[in-house]
Amino acid sequence: MSSPAPVLRPWRRLAFTFEPESCSEYDVVEAIGSDRWCDLLRQVVELRGPKCEFCADDEEVALYRLWSYDDARGIRTLVDVELLCTMCAVARTPENAPGKLTPALGFHVLGHYCRINDIGAQDVFDDIDYAFAELELRNTIEWISDLGFFGRDHE
Ligand SMILES: [Zn+2]
């Protein structure tokens, strides 16, 4: 019997986080195993409900990874998973876009991001500037991915 997924919730704000280039080929589902990923999805739905954790949309929700980046050590750790709708998932990490991130989808996501965070356009632009500055720094690092809790065997 598996123990339940951790409920760590380190960041409650929906914030842009771009994935560093050196992480782009890393496949969490493959690393954890698709059976275990499906178990995790079932546990998260049971614990948190079958809806988006940010906007409560209950259509097209999926499980997404939440990483913590240790810039000094070059290690990113999988600290949590989130059940998100497509709009919140793309706002969290643009790489989550289903297919190509078009200008129309980007515009829609920015509006959604404003509503979820209850902020205005200038705050969004500040967040984007911050996310790009963070990405520029993180693209200079060859990241090691640590699965954290999710990499341990809990059978
Ligand atoms: Zn949502």
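Predicted model: local features only at pLDDT ≥ 70, side-chain atom pairs only at ≥ 80, totals over all residues.
The protein chain contains 5 helices and 3 strands. Followed along the sequence, these elements occur in the pattern α-α-β-β-α-α-α-β. The radius of gyration of the protein chain is 16 Å, close to the 15 Å that the globule rule gives for 155 residues, so the chain is as compact as a globular protein of that length. The C-alpha trace spans about 50 × 35 × 25 Å along its principal axes. Of the 155 residues, 20% count as buried. Among the contacts in the protein chain with a separation of 6 or more, 68% are made by residues 24 or more positions apart.

Helix 4 may now be examined in detail. This helix comprises 15 residues, 103–117.

Which residues of helix 4 are buried? They are Val109, His112 and Tyr113. Seen down the axis of helix 4, these buried residues fall within an arc of 105 degrees, so they line one face of the helix. Their packing partners are helix 3 (86–92) and helix 5 (121–138). The face turned away from the buried side carries the exposed residues Pro103, Ala104, Phe107 and Arg115.

After helix 4 comes aspartate 118, whose phi is positive, near 55 degrees.

Notes. Residues numbered from 1 in each chain as written. Helix = DSSP H or I, 4+ residues; strand = E, 2+ residues; numbered from the N terminus. Rg over C-alpha atoms; globule rule 2.2 N^0.38 Å. Buried ≥ 20, exposed ≤ 12 C-beta atoms within 10 Å, placed from the backbone. Contact = placed C-beta atoms within 7 Å. Expected span 1.5 Å × (residues − 1). Arc of directions from axis to C-beta.
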